[in-house]
There are 2 protein chains.
Amino acid sequence: MQAEIISIGDELLIGQVVNTNASFISEQLGRIGIDVKRITTVGDSDTDIKAALASSLAKFDIALITGGLGPTHDDITKKSVAEFFGLGFEFNDEAFENCKSIFARFGRPMPDSNRSQGEVIAGSLVLQNSCGTAAGMILHGLAGHDNKFVVIMPGVPYEMQAMMRLSIIPYFQPLSKTVIKHSVLMTTGIGESTLAELIGDEQKFLTATSTLAYLPSPTGVRLRISTRGTHAAAVENENASIVQAVSSRVEKFIYATDDVPIEALLGKLLKDRSLTIAVVESCTGGLVANRLTNIAGSSAYFLGGLIVYSNKSKQGLLGVQKETIARFGAVSEEVALEMAEGGLELTGGDIVLSTTGIAGPDGGTIEKPVGLVCLGLATSEKLDSLRITKKITFGDERLRNKERFSQAALDLARRAVLGLHLT
Amino acid sequence: MQAEIISIGDELLIGQVVNTNASFISEQLGRIGIDVKRITTVGDSDTDIKAALASSLAKFDIALITGGLGPTHDDITKKSVAEFFGLGFEFNDEAFENCKSIFARFGRPMPDSNRSQGEVIAGSLVLQNSCGTAAGMILHGLAGHDNKFVVIMPGVPYEMQAMMRLSIIPYFQPLSKTVIKHSVLMTTGIGESTLAELIGDEQKFLTATSTLAYLPSPTGVRLRISTRGTHAAAVENENASIVQAVSSRVEKFIYATDDVPIEALLGKLLKDRSLTIAVVESCTGGLVANRLTNIAGSSAYFLGGLIVYSNKSKQGLLGVQKETIARFGAVSEEVALEMAEGGLELTGGDIVLSTTGIAGPDGGTIEKPVGLVCLGLATSEKLDSLRITKKITFGDERLRNKERFSQAALDLARRAVLGLHLT
């Protein structure tokens, strides 16, 4: 099956919002063997929405429309699509109750305009919105377009994402004839081209029905191995043997074999071993703690942390020696180690991670450029009283540096827990 | 003038890469009054590229094509466009010299395939690439498409961005007759529909040449007011008077009049007043600190913070009374206040923000549901020794709750600094 994504919204056309919805939807559909062949973005214009829909129905099996489902006057998607097919509206009690319950939960009165959130296109399959007020819809078996599917979703990313996962993927999965298997190898601490060099000539292990994609991000490169075919078992086998071939070449850099962030993986390792962790952050400014606490249930192993931005707080709160700072500088492996040791004493955790560095854009020198980070790790007797430091230089963009610093810190903890810190 | 952006690349259709190019191009063109009316993404397919180009020429004045200009076999844009217009190629020495010089700079031998980087479509205006090997082109005055413009740019974001700034905007600026003005009002602490209700009937202040858009996100709703016309001064005036009308209706909820996150705005307020801030976070787990330190130069006012996840650390590090926790619970305004006061003593900051709440998905009760947050704020004498607490209930999604909790905390600090905490 072939699909088009139609994104609706003036904000996308004037460059105010980046269309992250389209890539999310494409990726999700790809997993169930549905190919997105075109992505079209138009504004909140009745004529343009109808033209895009007509063009899509003429070429593809599925048109997935996002955006323009809110209760305000510039939200016209529902009306335009209904008119296009000559359909009316019906009232969906469940959608309206959902809308009311959201206002109730926030303890706010519901404005009258929200009554429109209960109206859905007549005859559509209604997709309830688990995170917001606008219901989604699937239209199928329409006169003159018997075999086509039109999907309408909200444009707010997290609402759309939940609807994709809970309703739309389960709906289309049984209809897709193609079997597709995606495997993922999560790597960190190595760049895309070095990884490609280690993996070497793909012809040696890749088949005609499989692909290997490198998906770089500030936290690492995901390797995605995709195999498609018509028989599930054959596809599984082919995919597994390619995963094996790739893994064996870059094993050292793989931290997970499914698509999880390293903080989730680390959390699981800690929980399984009844270990606790605390953080002492300078240059990452709370990001390491924030990532650790993004994981539900992290209070089982995350004790807390300190964000020590100034030299004074490094000394006062953590007991870093004034002399160490004077001699080696605040950004040094020596200070990172004293920070981690101070944190160990203060929090009583089994693992304490520390970061000190220069995120940028200012503050760099020739010896200590923007992008430099020094990491420290100290562990309790339970984990062999390790003392490790590490020094890495990344790039010059502040937010990307913070991401990379935090990733390197979390990977350091992972390696220590697994006894891989010596390799 | 009306334009379409045609983005080319399989990586965009499988969700591997987010199309940030389109929003950049749209934003740049909008500034010179050129409207992007459609954005189309297709794969590296000759048929699909030609179909997209044909559809674009039929509707719009300018087609801007990005991607597929590299030297490898899957880069077919140049060939498809040339064939579409029945044009041949010519060799551009300057483009080839530029390509050679880039390899020379990196000290790498140039593969033979790169000779193709010197080939441009015959009769095109060649745009040299200041950051990469692929030249851009502008085609105009083509037989059968006299008044149309076709622009070809590389897909690598920073190469495309430089070409837009250095060549394409200067080329089109004198040709554009429209003036356009976008203004933004950043609101927080109020939902989209309640905002719409306060703003009321738009007909009372909106003109035919202006629009008002509501752009919601977990941290608040942006209001965008756009005005277009032919005379710069008239457009500015009209836009300003609408901004004024909207502002006066929802003033209380507006934190900025340009598109900045609240942590940047707060940072500026603190810096201008030589005030310092520290944070004491429980449920936000470092996110408030992380957001504050995302701003370059934040070390001027951000002192640091504590992440106190456990009751033990709330007591031990901050001096929260055991009795307060026992009587009111860890998630209470009373504990939030003692946390903020403890932080004030420990850090010596002018403002200390505290958060304690239930981010979810687990840990909620009937009295204290998931989504509940208690915020505390304590200030030094420099800021009137304020003691403020606030209790809000948000939704049930952990990461979104953390976003909203942190936004509410930052807004509380902003209001305190501006003396708006009493309103």
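## A first look at chains A and B

Chain A holds 14 helices and 17 strands; helices (H or I, at least four residues) and strands (E, at least two) are DSSP runs, numbered from the N terminus. This is a predicted model, in which local features need pLDDT of at least 70, side-chain atom pairs count only at pLDDT 80 or more, and totals for chains, interfaces and linings use all residues. Residues are numbered from 1 along each chain as its sequence is written, while chains are lettered from A and ligands numbered from 1 in the order in which they are written.

**Chain A as a whole**

- The C-alpha trace of chain A spans about 80 × 60 × 40 Å along its principal axes.
- Chain A has 423 residues, and 49% of them count as buried (20 or more other C-beta atoms within 10 Å of the residue's own; 12 or fewer is exposed, in between is partly exposed; C-beta atoms are placed from the backbone).
- Among contacts in chain A with a separation of 6 or more, 68% come from residues 24 or more positions apart; a contact means that the C-beta atoms of two residues, placed from the backbone, lie within 7 Å.

**Helix 13 of chain A**

- Helix 13 (residues 333-347) of chain A has 15 residues and reaches 21 Å from its first C-alpha to its last, close to the 21 Å expected at 1.5 Å a residue (1.5 Å times one less than the number of residues).
- Eleven of the 15 residues of helix 13 of chain A are buried, so this helix is largely enclosed by the rest of the structure.
- Those buried residues include A:L337, A:E338, A:M339 and A:L344.

**Where chain A meets chain B**

- The contact takes 64 residues from chain A and 61 residues from chain B.
- Elements giving two or more residues to chain A's side include helix 2 (20-31), strand 2 (35-42) and helix 14 (398-418) of chain A.
- By class, the side of chain A that touches chain B has 28 nonpolar, 25 polar and eleven charged residues (Ala, Val, Leu, Ile, Met, Phe, Trp, Tyr, Cys and Pro count as nonpolar, Asp, Glu, Lys and Arg as charged, and the others, Gly among them, as polar).
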